[in-house]
Amino acid sequence: MSRIPSMFLLIVAAAFLGCSSGQPTLIPGRNPTIPVRGQITLDGTPIEGATVMFFCEKLMITSYGKTDKAGQYELTTYEPGDGAPAGRYQVSVKKIEQTIVQPSDHPAIPPKSKTVQHLPPQYSDYKSSELKAVVAEGGNNAFQFNLSK
């Protein structure tokens with residue numbers, strides 16, 4: 001029997017066993033993540049285009065998401081939509097629009113711009129927002145935040 005077909009079968013068997021374990025692949029240096037989703041509203045109205053950030057001081061990690069038309073978001077830590085590691089989080093929400101008010105004639109000089117915050121400023125910093133979430137394995141992990149003006 002030739003060595004090449006035997007080696008090929010061994011590689012295919014190893015790949016099949018590795019893929020069929022049913023356990024997610026853990027990458028060294030990364031915490032396992034749990035799907036997290038939710039909705040952001042301002043006085044009951046869904047907010048589109050807001051950035052939601054979950055910061056865990058213990059893990060020193062930030063997970064983030066962007067709201068859609070219905071104010072819905074899902075968090076990303078390492079891969080799109082993978083969620084966040086289990087832990088206690090401080091949450092911030094911001095929606096910023098930046099407009100160029102004076103273009104630059106020189107490539108090394110940035111244009112002058114104007115920044116507009118569309119949400120109350122206390123929500124843009126996790127230290128002042130008072131929004132909190134606990135991401136838990138096997139938990140609901142759907143967080144609704146109704147901001148107020």
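My entries on aromatic pairs and salt bridges follow.

I note that this is a predicted model, in which local features need pLDDT of at least 70 and side-chain atom pairs count only at pLDDT 80 or more, while totals for chains, interfaces and linings use all residues. Residues are numbered from 1 along each chain as its sequence is written, and side-chain values use heavy atoms, with hydrogens and water left out.

**Aromatic rings.** I looked up rings of Phe, Tyr and Trp (its six-membered ring) with centres within 6.5 Å, calling planes under 30 degrees apart stacked, over 60 edge-to-face and the rest tilted, and I found 5 aromatic pairs. The pair of Phe55 and Tyr126 is tilted, because the ring centres are 4.7 Å apart and the planes stand at 35°. Phe55 sits in strand E3 (residues 51-56) and Tyr126 in helix H2 (residues 126-129), 71 residues apart; helices (H or I, at least four residues) and strands (E, at least two) are DSSP runs, numbered from the N terminus. Taking buried as under 20% relative accessible area, exposed as over 50% and partly exposed as in between (1.4 Å probe, protein chains only), I recorded Phe55 as buried at 13% and Tyr126 as partly exposed at 25%. I also noted one aromatic cluster, formed by Phe54, Tyr73, Tyr89, Phe143 and Phe145.

**Salt bridges.** With a side-chain nitrogen of Lys or Arg required within 4 Å of a carboxyl oxygen of Asp or Glu, I counted 1 salt bridge. Glu79 forms a salt bridge with Arg30, their closest N and O atoms being 3.2 Å apart. Glu79 lies in the loop between strand E5 (72-74) and strand E6 (87-94), and Arg30 in the loop between helix H1 (3-19) and strand E1 (37-42), so the pair ties together parts 49 residues apart in sequence. Glu79 is partly exposed at 41% relative accessible area, and Arg30 is partly exposed at 31%.
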